[in-house]
Amino acid sequence: MTIILQLLGAADLRTLAASRIPEHIARRAAAGTLPPAFVAQRALGLLEAGKSADWCATFLMLRESDGMLVGACGFKDIPVDGQVEIGYGVAPACRGQGVATAAVRALARIAFADAALERVLAQIAPDNTPSARVAAKLGFQPGATITDADGEDLVQWVLAKPA
């Protein structure tokens, strides 16, 4: 599966943050493709704080074969102490087709192009077996389980920069 990552602009993020779908996106998006409003709101807050769009905005996942939008992914904030966290989601009808694997591989490639970056973090719920499988397939190692601000337990999967 070949996936192209397309960075969402601020106008589209504002529309998504208001729980609406930009018209030009709706026509080519599989159901469940777009990130929830809180993801767009977080991205906008980081951008408004002057942080780089490369690290704080959201990418749409486009299936190269037909241009269909099949998911969204991105970095959750700028790197800190040589590490950056990623997040991703795939439309239900497109799961199990290699979409997440291709997108996470692309995010890791982008991240490791930064000389100062040493690790990519994916925090995955223990019962999210498909996401854990994606992380393991790409070389992420499971680490500690933490409890996030919402009270959800998450396993910290870490991918070290290749030598």
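Student: In which helix is R105 found?

Tutor: R105 is found in helix α5, where a helix is a DSSP run of H or I with at least four residues, numbered from the N terminus. This is a predicted model, in which local features need pLDDT of at least 70, side-chain atom pairs count only at pLDDT 80 or more, and totals for chains, interfaces and linings use all residues. Residues are numbered from 1 along each chain as its sequence is written, and side-chain values use heavy atoms, with hydrogens and water left out.

Student: Why is R105 called partly exposed?

Tutor: Buried means under 20% relative accessible area and exposed means over 50%, with partly exposed in between (1.4 Å probe, protein chains only); R105 has 40%, and is therefore partly exposed.

Student: Which residues gather with R105 in a patch of positive charge on the surface?

Tutor: R109, R133 and K137 gather there with R105; a patch is made of residues with over 30% relative accessible area and no salt bridge, like charges being joined within 9 Å, and a salt bridge would be a side-chain nitrogen of Lys or Arg within 4 Å of a carboxyl oxygen of Asp or Glu. Helices α5 (99–112) and α6 (129–137) each supply at least two residues of this patch.

Student: Why is S19 called exposed?

Tutor: S19 has a relative accessible area of 62%, so it is exposed, and its place is the loop between α1 (10–17) and α2 (23–26).

Student: What is the phi of S19?

Tutor: The phi of S19 is near 60°, a positive value in a residue other than glycine. Most residues other than glycine have a negative phi.

Conventions:
Patch = residues over 30% accessible without salt bridge, like charges linked within 9 Å, V, L, I, M, F, W, Y side chains within 5 Å. Areas by Shrake-Rupley, 256 points an atom, 1.4 Å probe, with all protein chains shown as cover. Lys, Arg positive; Asp, Glu negative; His and termini not counted. Charge placed at Lys NZ, Arg CZ, Asp CG, Glu CD.
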